[in-house]
Amino acid sequence: MNDSQTGVLALEDGSVFRGIAFGAKKTVVGEAVFNTSMTGYQEILTDPSYYGQIITMTAPMIGNYGVNEEDLEADAPMCTGFVIRELSPIASNWRSTATLPEYLEKHGIPGLEGIDTRALTKKLRVDGAMKCCISTEDISDEEAVKRAQEWEGIVGADYVKEVTSKEKFVYSAPEDGWPYNPVQSVVRKPARKRETYKIAALDLGAKKSIFRELAFHGFEVHVFPATASAEEIKAIAPDGIFLSNGPGDPEPVTYVHETVRALIDDYPIFGICLGHQIITHAIGAKTYKLKFGHRGGNQPVKNFETDFVAITAHNHGFATSEEGLEECGAVVTEKNLNDDTVAGIRLKDKPVFSVQYHPEAGPGPSDANPNFEKFYQLVAQSKKA
């Protein structure tokens, strides 16, 4: 990295932040958002839910443990740009295969360090997520602001088609290589020998660790592109349906709404994050854009049916509207304790439930992992019935 190489981050309101460039030499536009996770930057960079977004990390130092091949949630970074306060001068970890700047440069993602991320985060919290331009090339502040303002924005855009798998496949769980833990006595092993159920997982921008968790809990995971029809899914005679996380606005992805609507009467369904919002639209309810979204591994969620509070990992800029849910046959089961937004629903008369967070904890706390077991038991009960 060349300390004399400066980059620029410009917001649509005319705000400009100058910093030191690293990663790829490039000018890009996207939605400026922030993530409050203390660690897990590699999983964050490769989460398809960040497609079209420029991520600011609120943790002050990033890059200290480098990047490795085992913790990738996708084959390449999915965000548009990366903004941090301080880039660690060394990458110290025995699993590391590259530094953060090397990894971003390899995949064409521009980064900026030396930005006042506290000021930027406060601005986004007060004024909301904004259209943004980040450049590691030699462009003026005025040009950067202009490019930010001219970007079409995330509302109404279908990003699911950009990140979904190109064709269907059956996920093969690794015999070893389950979530790494240096204390061998507590390394997690695949689920005990029990009946395996076949599920169709609709890939809306899924992370690899989600499929791994489903396999871990006893599912044979058949992954379908988001564009798959209900007839294609029914053809494999699944025991249940899983709807993954994904990027962007859930409203314009009408082809997925229609597919889920055609399946919802016949199968147990579990949706997470974007999948939760898709179920919302499939039953006729609505979603709306949050002011600045929820992104981080520290969001408290309370389940009002069990009184259990979980600290959960979130990555979304839209939420389910509580208005009209009951008329559409749904019950609110969970809420985010920070802002009272809907964080979980279930249908009154169908084995269908969903959550607004990422229960696989990649990265984040594992409090919500029992949702996968809940889905397994729901499928098992449905098969017996």
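Reader: Which residue in E6 is the bridge partner of Thr 56?

Author: This is a predicted model, where local features need pLDDT of at least 70 and side-chain atom pairs count only at pLDDT 80 or more, while totals for chains, interfaces and linings use all residues. Residues are numbered from 1 along each chain as its sequence is written, and side-chain values use heavy atoms, with hydrogens and water left out. Strand E4 (residues 53–57) pairs in the parallel sense with strand E6 (residues 81–83) over three bridges; strands are DSSP runs of E with at least two residues, helices are runs of H or I with at least four, both numbered from the N terminus, and pairing takes at least two DSSP bridges. Within E6, the partner of Thr 56 is Val 83.

Reader: In what order do the strands of the closed barrel run?

Author: Strands of a sheet pair through backbone hydrogen bonds, either parallel or antiparallel. Here seven strands with mixed pairing form a closed barrel, and from one strand to the next the twist averages 35°. The order is E1-E2-E8-E6-E4-E3-E9.

Reader: At about what angle to E1 does helix H4 run?

Author: Angles run from 0 to 180 degrees between N-to-C directions, with axes fitted to C-alpha atoms, for helices over the stretch in contact (contact means heavy atoms within 4.5 Å). Helix H3 (residues 117–127) lies across several strands, including E3, to which H3 runs at about 80°. Helix H4 (residues 141–150) lies across E1, E2, E3 and E9, and its angle to E1 is about 45°.

Reader: Why do the residues annotated "active site" gather at one spot?

Author: An unreviewed UniProt entry gives this annotation to Cys 273, His 358 and Glu 360; UniProt positions are given in the numbering used here, feature names are shortened, and annotations may be inferred rather than shown by experiment. They span 88 residues in sequence, yet they gather at one spot because no two of their C-alpha atoms are more than 11.5 Å apart.

Reader: Is Cys 273 buried or exposed?

Author: Cys 273 sits in the loop between strand E14 (269–272) and helix H9 (274–282). Beyond its neighbours within four places in sequence, Cys 273 has contacts that include Asn 245, His 316 and His 358. Its relative accessible area is 1%, and buried means under 20%, exposed over 50%, partly exposed in between (1.4 Å probe, protein chains only). Therefore Cys 273 is buried.

Reader: Which residue's side chain makes a polar contact of 2.6 Å with the side chain of Glu 360?

Author: Glu 360 lies in the loop between strand E19 (352–355) and helix H10 (370–384), and Glu 360 is buried at 5% relative accessible area. A polar contact is a pair of N or O atoms within 3.5 Å; within protein, one must be able to donate a hydrogen and the other to accept it, and residues adjacent in sequence count only if both atoms are side-chain atoms. At 2.6 Å, the partner is Lys 207.

Reader: What is the phi of Asp 307, about?

Author: Most residues other than glycine have a negative phi, and most peptide bonds are trans. Asp 307 is in the loop between strand E15 (287–303) and strand E16 (308–320), exposed with a relative accessible area of 55%. Although not a glycine, Asp 307 has a positive phi of about 65°.

Reader: What is omega, about, at the cis peptide bond?

Author: Pro 363 is in the loop between E19 and H10. The cis bond joins Gly 362 and Pro 363, with omega about -5°.
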